[in-house]
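Here is a short tour of some contacts in a protein model. Have the sequence and the 3D view open as you read.

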Number of protein chains: 2
Amino acid sequence: VDVSGGGEFAAIERIRRRLPPPPPGELWIGDDAAILGPVGSRVLFAADAVVEGVHADLSLVTLADFGWKAVAVNVSDIAAMGGRPTAAVITIAGPPATDLDTLYGGIAEAAAAWEVAIVGGDLTTARELLVSVAILGDGSGDPPPVTRSGASAGDDIWVTGPLGASSAGLRRLRAGQPDDARAYGRPMARLAEGRAAREAGVTAMIDASDGLTIDLGRLLDAAGIGAALDEVPIAPGATAEEALGGGEDYELIFTAPPAAAGAVSEGVGRAGRLPIRIGRCVSGPAAIVLAGRELPRRGWEHPWG
Amino acid sequence: VDVSGGGEFAAIERIRRRLPPPPPGELWIGDDAAILGPVGSRVLFAADAVVEGVHADLSLVTLADFGWKAVAVNVSDIAAMGGRPTAAVITIAGPPATDLDTLYGGIAEAAAAWEVAIVGGDLTTARELLVSVAILGDGSGDPPPVTRSGASAGDDIWVTGPLGASSAGLRRLRAGQPDDARAYGRPMARLAEGRAAREAGVTAMIDASDGLTIDLGRLLDAAGIGAALDEVPIAPGATAEEALGGGEDYELIFTAPPAAAGAVSEGVGRAGRLPIRIGRCVSGPAAIVLAGRELPRRGWEHPWG
């Protein structure tokens, strides 16, 4: 999907313009999570939904996987701010015959894995199955939560791991092969890595939920800069195209000054996955260049008009 | 729908049992909103979704009405705790051709009417239109937020207004007649009344979103008591059946000791609508009796298995 025209991003921008702006110190629409409240007790607030047939093919993954994913993508939004998830409300809309116990089994597993309290929600009938989650996070402490807009020319660009695993997994499942990595069925949020990145002083962060070029592009757009990439790490079994635009990987993309490279590598690596430096922010237009070639921004974008 | 068997309520109870319980002082699944955090800074957190064809017939109301309703039903959840709504995230799932500007027009109108900040959300494709909202509220101050479980035998039972207006409005619209009251298309949350009720010392409160007998029944179940009703105030143009079980009225039902009747009537009436005393809580089984006859609990319940 080409993002230059209409689409989801333009629609969100239209929505933002018709609503009141936040007071100083708060951040509302346009990042992975909103930042609310007085600086001393910052609250993070985000929402994400998964829809049957759009975000998960229920002929390929279980209902428990579907429930897991609904929580994981929301934890990832808090991770991308460097926050700690605290509580979530879960709205399930779907056919009354849905096996709620299995679905909620996956929700409860993910909630336990990332220590999120499920404190309420709604249950309603609908023709297709949808799980809509809203999540709160603790954003208190220093440095402040990491937005997607703080990158500068000269900053290194990092990812928390190789990309394309989810798309490759989906391709394998569609071909009747097992997806041992379970990256499509059971994506992992990089929560510990996100907190460590914040503590290491990264300047901007976003999750790669819609694909590297789309999400890195958003980070660059927010700062009005470009990127020169040296490499794009490709997950085992994935293609270059899947790594660039597959989406749903939930690795974190972040930027940091070169002087912080040691702290970033050590801090994030000790928290979980060893981060990979993939390039550098450059001044100029918000283009992403790899080996002298500008990459098209391709990935997952809902075709909203 | 008979609630004695399976259904939504039983499904929620099964969900509650598979999740960890809240720490002392917090209230999670099972009330209009969750109560989180330290007593001094109580946060209310709730979610509710509206689905095309289930909660609103888009051949009878506008997309702006649909957006309004999605916000109103969530504000009503905070109203039913006696809280003040602060921020909401809005997830819209629907066909890409949906007129987002009109839909968001209604969302923005309701958000402005009740002073809720729209701080984020998600936009995703789905075959049918659904708006899922999660809302935060301020529950700080004394007395604490009002749960649905604090009623005692001897307490008066009050409602903030006559019932059945939404069902009557839907019936008129289906018959091709205008619904001048707009109770179906533009329901009002009784926010000021809920806060005034809390300040006046009411003992339990719930909104009548699923119908008087269903929701009063939940309040009685939570306290293990019954109700003897003197009257059920019927909205202009509504039938007795619509008043008893129509649902979607979003009037508040609350209980208070007879000694507080003056404060309740004056406080709530000054805040907005003059409340109506409809009966009294009685010890014994959780039956609702009107003029010597036990009322069946009928109303809106999703047929979850």
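## A bridge from chain to chain

Let's start with A:D101 and B:R18, whose side chains meet in a salt bridge at 4.0 Å, N to O. A salt bridge here is a side-chain nitrogen of Lys or Arg within 4 Å of a carboxyl oxygen of Asp or Glu. A:D101 sits in helix α3 (residues 100–113) of chain A and B:R18 in helix α1 (residues 7–18) of chain B, so this pair joins two chains. Helices, by the way, are DSSP runs of H or I with at least four residues, and strands are runs of E with at least two, numbered from the N terminus.

How accessible are the two partners? A:D101 is partly exposed, with a relative accessible area of 32%, and B:R18 also counts as partly exposed, at 38%. For these labels, buried means under 20% relative accessible area, exposed means over 50%, and partly exposed is in between (1.4 Å probe, protein chains only).

This is a predicted model, in which local features need pLDDT of at least 70 and side-chain atom pairs count only at pLDDT 80 or more, while totals for chains, interfaces and linings use all residues. Residues are numbered from 1 along each chain as its sequence is written, chains are lettered from A and ligands numbered from 1 in the order in which they are written, and side-chain values use heavy atoms, leaving out hydrogens and water.

## The helices around that bridge

The axes of α3(A) and α1(B) come within 10 Å and cross at roughly 35 degrees. Axes are lines fitted to C-alpha atoms, for helices over the stretch in contact, and angles run from 0 to 180 degrees between N-to-C directions. On the α3(A) side you'll find A:L100, A:D101, A:Y104, A:G105 and A:A108, which meet B:A11, B:R14, B:I15 and B:R18 of α1(B). Contact means heavy atoms within 4.5 Å.

## B:D65 and its two arginines

Now look within chain B, where B:R182 and B:D65 form a salt bridge with N and O 3.6 Å apart. The two come from distant parts of the chain, 117 residues apart: B:R182 is in the loop between α4 (165–174) and α5, and B:D65 is in helix α2 (residues 63–79). B:R182 is partly exposed at 43% relative accessibility, whereas B:D65 is buried at 8%.

B:D65 also bridges to B:R186, with the closest N and O atoms 2.6 Å apart. That pair is separated by 121 residues, with B:R186 in the loop between α4 and α5 of chain B. Both B:D65 and B:R186 are buried.

Over in chain A, a network of salt bridges links A:D65, A:E109, A:R182 and A:R186. Over all chains, the structure holds 46 salt bridges.

## A buried serine

Back in helix α2 of chain B, take a look at B:S76. What does B:S76 touch, leaving aside its neighbours within four places in sequence? Its contacts are B:A189, B:D207 and B:Y250. B:S76 is buried, with a relative accessible area of 0%.

## Two helices packed in chain B

Finally, helix α5 (residues 191–199) and helix α8 (residues 261–271) of chain B pack at about 155 degrees, with axes 8 Å apart. That makes α5(B) roughly antiparallel to α8(B); angles under 35 degrees count as roughly parallel, over 145 as roughly antiparallel, 65 to 115 as roughly perpendicular and the rest as oblique. From α5(B), the contact uses B:A192, B:E193, B:A196 and B:A197, and from α8(B) it uses B:G267, B:V268 and B:A271.
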